[in-house]
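Hello,

Here is the structure you are taking over. Please open it first, then read the notes below.

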Amino acid sequence: MTARRRVRRGVQLGVALVATAAALVVDGCSVERLVNRVSGGPLPVVSSHAAELHAASFVVDLHADSLLWHRDLSRRSSVGAVDLPRLRAGNVGLQVFTIVSRFPIMTSIERSDPRWGDAITLLAITNLWPIATYASLGERAFYQARKLERLAAADPRLIIVRSRVDLELLERRHREDRDVVGALLGIEGAHALEGDLANLDSLYEAGVRLVGLAHFFDNEFAGSAHGIEKGGLTDLGRQLVAEVERRGMIVDLAHASEATIRDVLAMATKPPLVSHTGVKATCPSTRNLSDDQVRAIAAAGGVIGIGYWKEAVCGTTPADVVRAIRHVVELVGDEHVALGSDFDGAVATPFDAAGLPALTQALLDGGFDDASIRKILGGNAVRVLSVLLGG
């Protein structure tokens, strides 16, 4: 790259940083309104049968980034997709909340360069997060974990799931009272460990139970599907996978490179989980799973959460989500697919958490029977989480 081109790119990046910061300073919710959108397109009419089936199911969503945003999740909002009132309206029994600690200002599904800048730094500064979060990815994780703790402290019908026992308790209480909702905490990318495996202890104490190995960048542990090198597990990454399993935590393969997925499947002793993704067969993308990967994950007893956003399913309707689900079922059976919305993950989705019955209707319209739908809505996720979580 010539000196002139380097200067031009630097100017462009500077302009992007200033524009983003200015927008965030004005109103964090306004920015979220732009990036976390419900598309508002026509949804299928929910029949009485679909409504009853949905109400009788234990619904699990394996991925939402709602803790990142400047919003009171105890109140229903017109912004974003997830808050407690909308989870209850959608009969969600368990929501996995994932912590984002680093995210590129300019994203690329194919190749994201860490030199392009970090949007979470801007978000932390302009939304007045604690000063310690400005430079520390670990502190960003602790800050978001504390937000969930405060939410649960203020609402006795919100249960934070840290163990298999907690999950069993949640299922019992949700059967008795549909307004009881569970939350399981994860990190999206091991960047929050800041290259030090010892930091896993602190994250565990903070309630983190799901560990994504990579997000948009490669890191000291693993290659990302969007990274520059796209390598596999490093020696430190292999130690991390072993430690996560030993502690009764969960390895999440979402955003992982092909080499990382292959390396984890070769060494893991427990079923694999992919919290949110699409499949290449219905939506070709570096981000999505190939048929060979789907077969390998299923063969190991794992589960795959299908997302709702356009880049995951190449569409913007519940039927597009169902098309990806159907492909997995036709390939490996109905035991290995689940829901992984990516709600509030800077994406547009066809419905919010309250609109989930529309997906149940789309599954019925797609020819799935009640037993399969119950598995897809949450049964498969609960089965695998029960194996992965410690006692």
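**Helix α7 and its surroundings**

The buried residues of α7 pack against β3 (92-99), β4 (158-160), β5 (181-187) and α15 (370-388). Helices (H or I, at least four residues) and strands (E, at least two) are DSSP runs, numbered from the N terminus. Buried means under 20% relative accessible area, exposed over 50%, and partly exposed in between (1.4 Å probe, protein chains only). This is a predicted model: local features need pLDDT of at least 70, side-chain atom pairs count only at pLDDT 80 or more, and totals for chains, interfaces and linings use all residues. Residues are numbered from 1 along each chain as its sequence is written, and side-chain values use heavy atoms, with hydrogens and water left out.

Which residues of α7 are buried? They are Asp166, Leu167, Leu170 and His174. Seen down the axis of α7, these buried residues fall within an arc of 100 degrees (directions from the helix axis to the C-beta atoms), so they line one face of the helix. Arg175 and Glu176, on the other side of α7, are exposed.

**Cores**

The largest nonpolar core has 79 residues. A nonpolar core is a set of buried Ala, Val, Leu, Ile, Met, Phe, Trp, Tyr and Cys residues joined through side-chain atoms within 4.5 Å. Leu148 and Ile306 are among those with the most contacts inside the largest core. Helix α13 (residues 318-332) gives the largest share of this core, 6 residues. Another core, of 22 residues, lies apart from it; Leu62 and Val161 are among its members.

Best wishes

Conventions:
Contact means heavy atoms within 4.5 Å.
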